[in-house]
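Here's a quick walk through a few spots worth looking at on screen. Have the sequence handy as you read.

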Amino acid sequence: MDLNTVWFALIVVLFVGYFFLEGFDYGVGILLPWLGRSDQERRVLLNTVGPHWDGNEVWLITAGGAMFAAFPNWYATMFSGFYLALVLMLLALIVRGVGFEYRSRDGSRRWRNTWDWLIFVGSLLPALLWGVALANLVHGVPIDAKMNYTGTLWTLLGPYGILGGLFAVLAFTLHGALFLALKTEGELRDRAVGTARRVGAVTTVVAALFAVYSYFATDLFQKPGFLPGLLVVVGGLALLAVRPMLDRGRDGWAFVLNGVMIVAAVATIFLGLYPNVMISSLNPAWNLTVYNASSSPYTLKVMTIVAVTLVPFVLAYQAWTYWIFRKRIGVRERLIY
């Protein structure tokens, strides 16, 4: 396996980790105004993700940095072509982060309600835009012979892109509800379980529609080998098993199974792309690949040495933070956020 493929695989792992971890705190933000019926309950919801949300975003920063260093042409085409969408996402993430930190610094009901809704928008918009972006990566976007994106923001918002965005919003909302079922107690936990059952049913229908649409609108299932199709089956079975696990009170297994579905969906998209990293809808010869979009072999070699040295420390630190804050949280706990 050459270093171009190794770095493509590492970037996929970073994005998979990002969507698995950040997915549930997007979901908690989306559910915040609906699940928390009092200020105290909303503070409990925020405290379930408070110690983790900024650490989860490190995966995105690392994935973006790795893409910039390993595949500068991919980074340049994607970030210039999806510029408006990414700016909207960045603004939403900033508002959400400020909301986590400042929402409970003032006791005014208007102040807290305003931040609750800003956190909702700041969680919903990135989830939607990530789904739209990933759907467009496999569907193809207008890229010319000079690797320039020639479309607009509206080009990305076709029916397939919108369905991909809706699927992402539902999958992350379900992930958030399952995380809250795992991390809260009493009536709030029961409400989270009920929400997960309802959202899970809708997510299953939309996931099936997205899989069928992908079969006809992309070549995801026509690539050599069996992995993309196998992963879709694994993801579908995992999603179907979430409800039985909830009915048996196995909150942890339900959360893990929905995570498996998210991992399978993201891996299917990137495996279907390879060896491309962006598909040109104008001419297949203008596709960006792991070879024409990459840095020099020397750069990839240096990056590999640095990654092998430092990544284990980062993973160990994040695992430690999840272990430290593993307890369920109730309204009688000391709330920080």
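## How two helices cross

In this predicted model, helix H3 crosses helix H5 with a left-handed sense. H3 covers residues 53–70 and H5 covers residues 83–102; their axes sit 11 Å apart, at an angle of about 160°. That angle is over 145°, the cut-off for roughly antiparallel, so H3 counts as roughly antiparallel to H5.

Who's actually touching whom? On the H3 side you'll find Trp53, Glu57 and Leu60, and they meet Leu93, Arg96, Gly97, Phe100 and Glu101 of H5.

## Ring pairs

Take tryptophan 53 and phenylalanine 100. Their ring centres are 5.2 Å apart and the planes make an angle of 45°, so this pair is classed as tilted. Tryptophan 53 belongs to helix H3 and phenylalanine 100 to helix H5, so the pair ties together parts 47 residues apart in sequence. Both tryptophan 53 and phenylalanine 100 are buried.

Now try tryptophan 111 and tryptophan 115. With ring centres 5.9 Å apart and planes at 70°, the pair is edge-to-face, because planes over 60 degrees apart get that label. These two tryptophans sit in helix H6 (residues 109–139), four residues apart, which puts about one helical turn between them. Are they buried or exposed? Tryptophan 111 is partly exposed, at 34% relative accessible area, whereas tryptophan 115 is buried, at 14%.

## An aromatic cluster

If you'd like to see rings gathered in a group, highlight Phe8, Phe15, Tyr18, Phe19, Tyr26, Phe71, Trp74, Trp130, Phe172, Phe270 and Tyr274, which form one aromatic cluster.

## Arginine 42

Next stop is arginine 42, in helix H2 (residues 39–49). Is this arginine buried or exposed? Its relative accessibility is 13%, so arginine 42 counts as buried; the cut-off for that is under 20%.

What does arginine 42 touch, leaving out residues up to four places away in sequence? The list is Leu32, Pro33, Gly36, Arg103, Asn113 and Asp116. For a sense of scale, check phenylalanine 120 too: arginine 42 is 78 residues from phenylalanine 120 in sequence, with 12 Å between their C-alpha atoms.

Note on methods:
Residues numbered from 1 in each chain as written. Predicted model: local features only at pLDDT ≥ 70, side-chain atom pairs only at ≥ 80, totals over all residues. Heavy atoms only, no water. Axes fitted to C-alpha atoms, helices over the stretch in contact; angles between N-to-C directions. Parallel < 35°, antiparallel > 145°, perpendicular 65-115°, else oblique. Left-handed = near helix turned anticlockwise from the far one by under 90°. Contact = heavy atoms within 4.5 Å. Phe/Tyr/Trp six-rings, centres within 6.5 Å; stacked < 30°, edge-to-face > 60°. Buried < 20%, exposed > 50% of the residue type's maximum accessible area, 1.4 Å probe, protein only.
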